[in-house]
Every structure is written in C-alpha cells, then in structure tokens.
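This report describes selected side-chain pairings and packing in one protein chain. The sequence and the structure come next.

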Amino acid sequence: MTSSILHRTKPLLQRSTAHSAPWLHHSPTNSVPTIKNFIQGRFVPSPASLDQIHLYDPSTNHHLANVPRSSPTDAIHAASAAFPSWSSTPPQIRQRFLLEYAHVLHGKETREEIAHWITLEMGKTSLDAMGDVWRGLEVVEASCRAGVEMLGDSMLNLSNGLDTISYRVPLGVCAGIAPFNFPAMIPLWMFPLALATGNTYVLKPTEKAPSAALLLAKILHDIGLPPGVLNVVNGGKECVDEILTHPDVKAVSFVGSNAAGEYIHEVGECSVVGFVDELFTKNKSVDR
C-alpha cells in the first residue's frame, strides 16, 4: 500500500520543482526550506525562531517545509501605511485590479499551479483542489461589483429643514484567519471583497497548507496591486492572538470550529470593531 501511494505521488513531487516558489527560503544549514511571509509586496523571511511548525505531505509524510511562528506586527504596520492611499482610490480602479485578477485566475495553468500546492500540502485530489480554486474564483468575480454595494443613501426633508446623507466607508486594516480544509477558496472569500471596498488586509493562512494563499497574494501583486495592501503572515495561535489584540485591526473574518470561533470572540472583543464568522461552514454570524 505504501509503495503504491509513493508511486502515485512521485510525479506530483517531481512537478513541484517546475513551479516557482519564491516563498520558500532555502538555508545552507538546513535541507528543509522555511516558508516566508508576504509583506509590503515581497516575500520576506520571518525572524529566526527555534519553534517552527513542520509541514508534511499527508500522502507520504515527507517533510516539505517549516512554517515559522511569525509575529503579524510588520504585516499590520504595512497594511496601516497602505490604507490612506488605497481607501482614497476610486472604487472603479480598485475593481479593475480584481477584474484582471479574475482574468488571470481563469487561466488553466494558473489554476493548476494553485491546485498543485493544495494537493501537495493538504492532500486533496487534483480534481477536488481545482474545485477549491474555482469556488474561490467565483467570489473574486462577485467582488468586481462591490462598488455598487458601497452606494450610500440620502433623503431630502427627513424632518423640517433636515436632510440625511449616509456613506459606506472602508474600516481600515482587516484580517482573515483561514482554516486548513480549503486553502484557496476561503482566503478568496476574505480578501477580495475587503480590498474592493477600500480596506487593506492581513491574511493568516493555515499553517498546514500555506502555499496556495502565498501564491494567490503573489499573483495579485504581480498584476500591480500597491505594496502593503495585501499581506500574508504565517504562524500559529500566538499570531492569531496578536492579530486579535492589535489596535490597528478593525475587523476579523474567521472560518473554523465553534470552539475556535468562541475563543476568537473572547480574545478580540475588546479591540476589534467587527467579526464575520462562519463556524463549521454553515453557522454564520456578523457582529459589530
């Protein structure tokens, strides 16, 4: 049985060398690469940490890489610095980035590359991994009309001599905490809509399969997204805690278990303006 699995996954492991992976940091003192973060429009190594998370190919138990327990501070600062310019960018220009992003993601080779990393790190079949990408792409397409959803309201003479006007405005730095089971789809639920509505973003992907999210960020940056608008930081519980308690983070999107969702509310309720939770992928809540 083991030899059969190895035989089936060998072509996949060979193909991994054909894909560029600039988020892998190769050290001469360590045969296993370390995953980098994506901050300010470039891949940067996390400060040295002895406590790293091992990333394995679930089909062979091959040690693929080490995931650092990073601090999100630099990513949050980058997103904060990018917010004034990005939030003042006209909605139709923000949407233009996402229209081109959707166009690139529609390319078969691009979707296959993203699916490759999902299969390698998370263990889905190639067909299921492609479905993961497609379902996320549908949300990118939906985000291309977010400017219409941002239209405000107005009413003349609401009361004697009183008119009312309301605007929908960006919140600021938003963050996403993604689970392991959909490494592309759920990040694509999160950051495209946030960016389309003028927010900047810090994404904490699953430490069990981070490469798909890092590749998605690279593709959007290669299109021309300004540095700092989208950042990806790797880590575990400590990283999540810092995101939830940082004063510059105004909203958090989370998908995962009920227990984790309750913890996120408990830790972040004193500092985070809003939460969007999807617990066990069916129990939705929006809290402000």
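Lys124 and Asp132 are both buried. The two residues form a salt bridge, with their closest N and O atoms 2.9 Å apart. The model is a predicted one, and every value given here was computed from it. Side chains of opposite charge can pair when their charged atoms come close. In this model the count of salt bridges comes to 7.

Three of these pairs are listed below.

| Salt bridge | N to O distance |
|---|---|
| Lys124 and Asp132 | 2.9 Å |
| Glu207 and Lys204 | 3.0 Å |
| Asp222 and Lys218 | 2.7 Å |

How exposed or buried are the partners in the other two pairs of the table? Glu207 has a relative accessible area of 24% and is partly exposed, while Lys204, at 4%, is buried. Asp222 is exposed, because its relative accessibility of 52% is over the 50% cut-off.

Asp222 and Lys218 both belong to helix H8, which spans residues 211–223. The two residues lie 4 positions apart in that helix, so about one helical turn separates them.

The next topic is the nonpolar interior. In soluble globular proteins, nonpolar side chains tend to be buried together. The largest nonpolar core of this model has 58 residues. Within this core, the residues that touch the most other members are Trp23, Tyr101, Ile114, Phe191, Leu195 and Tyr201. Helix H8 supplies the largest share of the core, 9 residues. Another core, of 19 residues, lies apart from it and includes Ala78, Cys239, Val240 and Leu244.

Which residues does Phe191 contact, leaving aside neighbours within four places in sequence? Phe191 is in contact with Tyr101, Tyr201, Leu203, Leu216, Leu220 and Leu230. Tyr101 and Tyr201, like Phe191 itself, are among the core residues that touch the most other members.

Ser46 sits between strand E4 (42–44) and strand E5 (52–56). Is Ser46 buried or exposed? Ser46 counts as buried, because its relative accessibility of 15% is under the 20% cut-off. Not counting residues up to four places away in sequence, Ser46 touches Asn37, Pro68 and Ser70. With Ser70, the side chain of Ser46 also makes a polar contact of 3.1 Å.

Methods: Residues are numbered from 1 along each chain as its sequence is written. This is a predicted model: local features need pLDDT of at least 70, side-chain atom pairs count only at pLDDT 80 or more; totals for chains, interfaces and linings use all residues. Side-chain values use heavy atoms; hydrogens and water are left out. A salt bridge is a side-chain nitrogen of Lys or Arg within 4 Å of a carboxyl oxygen of Asp or Glu. Buried means under 20% relative accessible area, exposed over 50%, partly exposed in between (1.4 Å probe, protein chains only). A nonpolar core is a set of buried Ala, Val, Leu, Ile, Met, Phe, Trp, Tyr and Cys residues joined through side-chain atoms within 4.5 Å. Contact means heavy atoms within 4.5 Å. A polar contact is a pair of N or O atoms within 3.5 Å; within protein, one must be able to donate a hydrogen and the other to accept it, and residues adjacent in sequence count only if both atoms are side-chain atoms.
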